[in-house]
Amino acid sequence: TSAATLVPATIITFALLFASPASRKIKILLAVAALLQLIALFYSYVRGAYLGFFAGVGFVLLLRKPKLIFALIGAAVLAVWLAPESLQTRFLSMFDLSNATIQVRLVQWQHALEMIRHSPIFGFGWVDLGALHRQMIPLDPSLPAAIAHDVFYIGHFHSNPVMWLMIWGIPGLLLVLLFFAKLAQLEWRAYRAQSGQSFEAALPLGCLGALAGFFVTGLFDWTFGDAETVTILWITAGLCLRQKHS
């Protein structure tokens with residue numbers, strides 16, 4: 001949860017750092033804040049949050065300073081190279097499909113597709129899905145005990161789109177995706193309504209990046225089910241849309 005809340009905050013800080021015409025003193029303060037947020041984010045050891053951060057900042061740079069995307073990639077490689085072994089191991093494990101936590105997600109998502117066939121229109125409701133999961137899917141004896149426990153007893157399926165499908169069915173999934181597409185459109189209009197290098201342009205840009213970061217992070221965790229995380233998301237949306245009407 002802490003990592004997922006750091007993602008939008010850190011992206012907005014980077015957007016203000018790169019895109020707002022602040023004084024040298026403010027730029028230094030933003031750089032310090034961004035560094036501290038980034039350290040906290042990396043030491044959360046949450047790989048989905050790493051991907052969300054890079055997606056959001058990459059989106060910001062693509063819109064305002066696309067040439068810096070290569071610098072972002074280089075900085076990421078350098079950071080992993082210089083990082084302590086524990087961070088290197090955690091970062092590189094996202095490419096290892098045999099990793100235990102990745103296996104938990106892959107097995108859960110397979111089970112989710114099997115379960116939703118029984119209620120594709122209405123889903124199963126916003127409930128703890130652990131008991132229902134154990135009831136509908138037999139335990140695979142070949143699964144290691146630790147993986148099997150996390151697969152069946154966590155109570156959610158480690159992905160916003162998968163959970164939207166499970167709790168609201170196919171129509172609900174399509175509607176919530178349409179909602180986020182509309183939110184992205186409104187934030188894009190708020191950004192496009194501003195011009196030049198200004199705080200008023202940098203803030204909605206950061207909010208757009210935060211939305212992208214939230215969505216990417218939520219591909220691998222049930223962040224929409226965390227009140228703290230969605231509260232930060234709604235705050236960024238409110239800030240952005242307030243800019244449009246101010």
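Analyst: Happy to! Keep in mind that this is a predicted model. To begin with, the second largest pocket holds about 290 Å³ of space.

User: Which residues lie nearest the centre of the second largest pocket?

Analyst: Those are Arg47, Gly48, Ile102, Arg105 and Phe220, out of 13 residues that line the second largest pocket. Two elements, H3 and helix H6 (100–116), each give two or more residues to that lining. H6 contributes the largest share, with five residues.

User: And how many charged residues are in that lining?

Analyst: Four are charged, alongside seven nonpolar and two polar residues.

User: OK, switching to the largest pocket. What volume does it have?

Analyst: The largest pocket has a volume of about 450 Å³. Its lining is made up of 25 residues, and Leu38, Phe42, Ala75, Ala76 and Ala79 are the ones nearest the centre.

User: Which helices supply at least two residues of that lining?

Analyst: Helix H1 (2–19), helix H2 (24–42), helix H3 (47–64), helix H4 (68–82) and helix H5 (85–92) each do.

User: Where does the largest share come from?

Analyst: From H4, which brings eight residues to the lining of the largest pocket.

User: How many of the lining residues there are nonpolar, polar or charged?

Analyst: In the largest pocket, 24 lining residues are nonpolar, one is polar and none is charged. For the second largest pocket, remember, the lining includes four charged residues.

User: Great, thanks!

Notes. Residues are numbered from 1 along each chain as its sequence is written. This is a predicted model: local features need pLDDT of at least 70, side-chain atom pairs count only at pLDDT 80 or more; totals for chains, interfaces and linings use all residues. Side-chain values use heavy atoms; hydrogens and water are left out. On a 1 Å grid over the protein atoms alone, a cavity is a set of points where a 1.4 Å probe fits but cannot get out, and a pocket is an open set with protein on both sides within 12 Å along at least five of seven lines; lining residues have an atom within 4 Å of a point. Grid points are joined across faces, edges and corners, and a volume is the space filled by probe spheres set on the points. Helices (H or I, at least four residues) and strands (E, at least two) are DSSP runs, numbered from the N terminus. Ala, Val, Leu, Ile, Met, Phe, Trp, Tyr, Cys and Pro count as nonpolar, Asp, Glu, Lys and Arg as charged, and the others, Gly among them, as polar.
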